[in-house]
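Morning, everyone. Please have a look at it first.

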Amino acid sequence: MHILGMLKDNGRLPAVAIARQVNLSVPAVLERVKKLTQSAVIERFTVKLNRRQMGLALLAFVMVRLSASAHIETFRQRAVQYSCVMECHHIAGEYDYLLKVAAPDTAALERFLTDEIKQGEGVDGTTTLIVLTTLKEELNA
């Protein structure tokens with residue numbers, strides 16, 4: 001698990017550096033990473049982008065309530081197509097879906113909510129929470 005922690009912090013960490021830290025040979029490290037990938041413990045290697053540097057300074061969570069379960073599939077198909085939606089979760093409780101949305105500013109968020117989400121078939125209501133400060137954000141558990 002130490003190898004996973006190191007790769008979680010830096011997915012581009014060379015096998016040589018990992019081997020030194022965990023006291024294994026480079027081939028042993030490469031074999032373990034290969035097995036973790038083949039067993040789908042590691043799904044993919046990726047990068048974490050800086051939203052602010054990309055012009056997406058506003059982060060919001062949008063809770064969406066649907067009027068009936070008949071609209072679930074339509075909503076799912078639309079939600080995953082929006083480029084500003086970073087995450088989409090089907091949730092239990094008063095709302096049906098939780099979206100993590102990145103936008104340049106409040107005007108762009110308002111356009112997205114008004115023109116896309118609230119116009120969606122079966123959308124009964126939304127609540128939007130705007131993030132003021134992020135204290136912790138992990139890509140993986």
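Let me define elements first: helices (H or I, at least four residues) and strands (E, at least two) are DSSP runs, numbered from the N terminus. The model is predicted, so local features need pLDDT of at least 70, side-chain atom pairs count only at pLDDT 80 or more, and totals for chains, interfaces and linings use all residues. Residues are numbered from 1 along each chain as its sequence is written, and side-chain values use heavy atoms, with hydrogens and water left out.

Pockets now. On a 1 Å grid over the protein atoms alone, a pocket is an open set of points with protein on both sides within 12 Å along at least five of seven lines; a cavity is a set where a 1.4 Å probe fits but cannot get out; lining residues have an atom within 4 Å of a point. Points join across faces, edges and corners, and a volume is the space filled by probe spheres set on them.

The largest pocket has a volume of about 1,200 Å³. It is lined by 31 residues, and Arg44, Thr46, Val47, Leu139 and Asn140 are the closest to its centre. Which helix gives the largest share of that lining? H1, with five residues.

The second largest pocket holds about 250 Å³. Its lining has 14 residues, with Arg51, Arg52, Ala57, Leu59 and Thr134 closest to the centre.

Next, the cavity. Phe75, Arg78, Ala79 and Tyr82 are among its lining residues. H4 gives the largest share, three residues.

On to the core. A nonpolar core is a set of buried Ala, Val, Leu, Ile, Met, Phe, Trp, Tyr and Cys residues joined through side-chain atoms within 4.5 Å. Buried means under 20% relative accessible area, exposed over 50%, partly exposed in between (1.4 Å probe, protein chains only). The largest core has 20 residues; Val64, Phe75, Leu99, Val101, Phe112 and Ile117 have the most contacts inside it. Apart from it lies another core of 11 residues, including Met6 and Leu36.

Last, cysteines. How many disulfides (cysteine sulfur pairs within 2.5 Å) are there? Zero in the whole structure. Cys84 is buried at 17% relative accessibility; Cys88 is partly exposed at 29%.

Terms used: A disulfide is a pair of cysteine sulfur atoms within 2.5 Å.
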